[in-house]
Amino acid sequence: MDMLQPISGVPALVAMVGKVLAVFTATMLVVAYTTLAERKISAWIQDRSGPNRVGPWGLLQPIADGIKNFLKEETMPATANRFWFVAGPMLSITPALVTIAVVPFAAPLPTPWGVVDMIVADIPIGILYILALSSLGVYGLVLSGWSSNNKYAFLGGLRASAQMVSYEVALGLSLVSVLMLAGNVTLTQVVWQQQEMGFWFAFPLSLGFILFLISAFAETNRLPFDMPEAESELVTGYHTEYSSMKFSMFFIAEYSHMLTASALMATLFFGGWDLPGAWDNAFWHEGMLIAGFDAAGAPILAQPAWWKTLLTLAGFGLKTVFFLFLYIWVRWTLPRFRYDQVMSLGWKVMLPTALAYVMVVSATVLVLDLLEVSYGFTFGLVLTLVSGLCTVAFLFFLDSDRIISGASVPYRQDRPVRMPVTQVDAGAPGLSGD
Amino acid sequence: MVETVLFWIFGAVALGSAFGVVMGGTLPGKGGSPVASLLFMVSTLASVAGIYVLLEAHFLAAIQVMVYAGAIMVLFLFVIMLLNLGHEYQRDMKGWMASLMLFLVSGALGGILAYRFAGPGGGAELDFLAEANTAAMDAALAEQGAVGVIAEPLYTTYVVPFELTGILLLVAIVGALALAKRRVA
């Protein structure tokens, strides 16, 4: 059997353009149908029918919504800062759509011209690229809130910036444990290390997964963390003044953020496109596509096939769709946090827990290294036990109304709710209105 | 070729935006405000990150965008909006003396930098761009990955300065907190 080579030259260019188009189309389709799924699942949870008029079972509803948004009147508030008002939705949608590019979505596909990696851009900084770009997404929210010249929109923008900065820290720290096991920041390597260990990282790093899940909900502004658009307080927050396609762009941005976050959870903690068993393992190691190492440490060559690519693609899709479903499920199950609860959870629970967990994981890895336990099944088993203990302790601690007062106890004399207090001098100028 | 063109684009955007940071706040009522200055600053930081990518310092570029553009500048924006700055805007610098001082200080700084890199005996810092060194760098990148190349020297050779920098930042945070607390009481 001749050696498998990565695709190169003109076919590589064709494959690249094909992948870009396919991933972009798939993203837009998934986003469109997630909006339908949101309405269908909410209807199901609330014992209603949901949209069922456009097409069979309402399946053409997203298309009708799209046409409606294009045909609606576009409003421009008279006092808005026109430039930033128009730029806001663009700044919001661009980072949301480009982040998916570094997520590997299936096993490498063999073609007559060489092996095609099923990832749009396998750049050396992988996950850091996602973090960097998604941290830019907040500018769209803040600037559209600010430029609308509307107090509700403005408050929404302020909340968005505070919330994003707070939870980014916990999100980054929860990733440190994954990167420590993976040894690199590229997502292909994260997938490969999970295949090699024989464990999906959700088990050896269970607490890391829970922290990531909570922070990802906060970063995507989804319930119970949708403070920037809390409709019972702020009309609809930062996009109050937007209509027509500009409003739709915020909508697309939110759902593609959800899609990226779901794909990330699947990749970082549930093996990405990996399916149980070693039959689909594949990784570029020193120019060879390998499936693992034998007992003597020699590489075993992988045997990619089109059906393996298809099956792993389906596996990745299923995992991602599950997390999208989880997003919707949670939204229609839990009530919204109060603003002070969001901040306390971020700074007093998530941040210290994430820091402590990084210490625990690195100490465990160090001890295992000193005991010369090689990276593999036993390694994963020990980490699973340690993380399991941490998770039980964390959930017990978090569930006992110790740090964050529940919504049912708004005020107690012996343990007052901590709200940010601003001392306002009655005579101070500039505070009377804008 | 492509890299040269990209370098000039990023360089021009970085310098133009840096100019915008200074000028953006000076035209209140004509679209100028502290927010405009801040966004020019973000644009400068992003262009510099682009130059880092051209230098194959991917990790540095990602951290630049993530920390400076994505976190610190968002905090600046938060503060500007919270304090509602920019409506009754007053320049800190007034009169021709202030302008002259600004010009002299920035000119002197630019001169020092230019002398350091282009003057006699300068440019030793740019040795890492030489052919032999880039080849070694590529090998290290392939072996250790984009993060490992930076992490290894940072946590072995330079661990003491690194930790001291961390303590310095901690001191700055504690100092800021102490100052803020005193004002409330």
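In this predicted model, 25 residues of chain B touch 23 residues of chain A. Together the two chains bury about 2,100 Å² between them. Carbon and sulfur atoms supply 80% of that area. On the chain B side, B:Met66, B:Val74 and B:Met81 lose the most area to chain A. These three residues account for 26% of what chain B buries there. How many salt bridges does the rule find across the interface of chain B and chain A? It finds zero.

Now to the helix packing within chain A. Helix 5 of chain A spans residues 151-182, and helix 11 of chain A spans residues 339-370. Helix 6 of chain A covers residues 187-197. The table sets out two pairings of helix 5.

| Pair in chain A | Axis separation | Angle | Crossing |
|---|---|---|---|
| Helix 5 and helix 11 | 9 Å apart | about 15° | left-handed |
| Helix 5 and helix 6 | within 9 Å | roughly 65° | left-handed |

Angles under 35 degrees count as roughly parallel, so helix 5 of chain A and helix 11 of chain A are roughly parallel to each other. Their contact has 21 nonpolar, five polar and one charged residues.

The pairing with helix 6 of chain A crosses at roughly 65°. The range from 65 to 115 degrees counts as roughly perpendicular, so helix 5 of chain A is roughly perpendicular to helix 6 of chain A. Helix 5 of chain A contributes A:Val178, A:Leu181 and A:Ala182 to this contact. Helix 6 of chain A brings A:Gln189, A:Val190, A:Gln193 and A:Met197. By class, the contact of these two helices has five nonpolar, two polar and no charged residues.

Terms used:
Residues are numbered from 1 along each chain as its sequence is written. Chains are lettered from A and ligands numbered from 1 in the order in which they are written. This is a predicted model: local features need pLDDT of at least 70, side-chain atom pairs count only at pLDDT 80 or more; totals for chains, interfaces and linings use all residues. Side-chain values use heavy atoms; hydrogens and water are left out. Axes are lines fitted to C-alpha atoms, for helices over the stretch in contact, and angles run from 0 to 180 degrees between N-to-C directions. Helices (H or I, at least four residues) and strands (E, at least two) are DSSP runs, numbered from the N terminus. Angles under 35 degrees count as roughly parallel, over 145 as roughly antiparallel, 65 to 115 as roughly perpendicular and the rest as oblique. A crossing is left-handed if the near helix is turned anticlockwise from the far one by less than a right angle, and right-handed if clockwise. Ala, Val, Leu, Ile, Met, Phe, Trp, Tyr, Cys and Pro count as nonpolar, Asp, Glu, Lys and Arg as charged, and the others, Gly among them, as polar. Contact means heavy atoms within 4.5 Å. Buried area is the accessible area (1.4 Å probe) that two parts lose on being put together, summed over both. A salt bridge is a side-chain nitrogen of Lys or Arg within 4 Å of a carboxyl oxygen of Asp or Glu.
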